[in-house]
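Dear colleague,

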Amino acid sequence: MPTVILDPGHGTDTYENGGGKGVKVGGKVYEEHDFNSDVALRIEKILKTHGVKVVFSQNPYSKDVSLTSRTNLAKRIIPNMFISIHANAGASSVEGICVFAWENATNSNRMADLVVKHMKADGIKTHGNGRHYSMLNSWTNLHITRELAKVNLPGVLIEHGFMTSKSDFENIFGKYSNSYRQKCAVADSKAILEYLGIKYKGEATTQQKPKEEKEVENAIIINSVNDYPAAELLAEKLGCSIYPSKNAYKKSQNKVKHIYVVGGNKDGVQADKVTLLAGPDRLTTYGEVKKAL
Ligand SMILES: [Zn+2]
């Protein structure tokens with residue numbers, strides 16, 4: 001099963017804490033991470049229906065984790081593709097999407113070209129021709145593209161438009177955000193699937209009935225990427241999904257009978273039965289999961 005790491009850039013705290021990753025419009029803060037997370041979860045949904053395994057480098061809708069921990073996860077897991085999801089900031093007149101890949105990284109550049117191709121086909125505007133080459137001694141020397149290239153892992157960083165442009169803002173956070181985010185997720189997914197040699201079959205399988213809750217026996221929630229390996233053991237035993245955060249579970253609107261929370265706490269998690277498997281550190285949590293198997 002091919003594996004893709006989805007990397008929703010930054011965290012829920014990166015604008016307010018001075019990182020400036022987001023915009024303030026009309027006195028309201030719009031965190032870039034919220035957009036990145038939503039697009040990532042939409043991509044995850046599409047990829048899963050195509051038999052692609054998805055791992056998150058950073059839990060959607062949660063606090064920022066370091067760039068190094070994101071790329072270290074990739075070095076451990078060795079995914080078939082790493083997709084870093086962002087929105088850009090710049091002068092108010094600049095707009096459109098652009099994709100970064102490390103110069104001379106053949107597979108990453110092939111992927112970047114595919115993203116631009118599918119974005120254009122879906123009518124999404126590009127910034128210039130939509131491509132930027134990441135390289136040393138340049139503002140395009142990005143941690144993600146550089147560190148992946150060093151170990152020959154294919155990956156791209158996609159800026160899905162400029163939060164600082166009036167028209168892009170309406171797409172990213174404003175009145176067109178639902179359709180724009182879905183369009184971006186579909187274009188990214190089509191590119192990923194084409195790269196992996198998998199035929200795109202649509203946004204969801206036919207069995208999924210819209211607006212109806214799906215009832216599921218078991219599911220797992222993790223609160224930190226660190227607990228992913230432990231959660232994966234349990235997921236294999238139970239044959240169930242792993243939600244990368246409590247919010248991701250809530251947003252899924254699935255009704256799960258028995259929820260296992262691996263690591264952290266179970267505050268705010270609702271199901272017929274909720275089991276917490278956690279210790280004060282990653283190893284103890286792993287031990288608790290082993291005991292439960
Ligand atoms: Zn960003």
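Helix H7 covers residues 177-196, and its 20 residues reach 28 Å from the first C-alpha to the last, close to the 28 Å expected at 1.5 Å a residue (the expected span is 1.5 Å times one less than the number of residues; helices are DSSP runs of H or I with at least four residues, strands are runs of E with at least two, and both are numbered from the N terminus). Because 14 of its 20 residues are buried, H7 is largely enclosed by the rest of the structure, where buried means under 20% relative accessible area, with a 1.4 Å probe and protein chains only. After H7 comes Gly-197, whose phi is positive, near 75 degrees.

Please bear in mind that this is a predicted model, in which local features need pLDDT of at least 70 and side-chain atom pairs count only at pLDDT 80 or more, while totals for chains, interfaces and linings use all residues. Residues are numbered from 1 along each chain as its sequence is written, and side-chain values use heavy atoms, with hydrogens and water left out.

His-10, in the loop between strand E1 (3-8) and helix H1 (15-19), and Glu-32, in helix H2 (residues 32-49), are 22 residues apart, so that the pair links distant parts of the chain. Both His-10 and Glu-32 are buried.

The second largest pocket is lined by 25 residues, and those nearest its centre are His-10, Lys-21, His-86, Leu-142 and Glu-159 (on a 1 Å grid over the protein atoms alone, a pocket is an open set of points where a 1.4 Å probe fits, with protein on both sides within 12 Å along at least five of seven lines, and lining residues have an atom within 4 Å of a point). Helix H3 (67-77), strand E5 (81-88), helix H5 (143-150) and strand E8 (155-162) each give two or more residues to this lining, and E5 gives the most, with four.

Strand E8 also holds His-160, which counts as buried at 0% relative accessibility.

With best wishes

Technical notes:
Buried means under 20% relative accessible area, exposed over 50%, partly exposed in between (1.4 Å probe, protein chains only).
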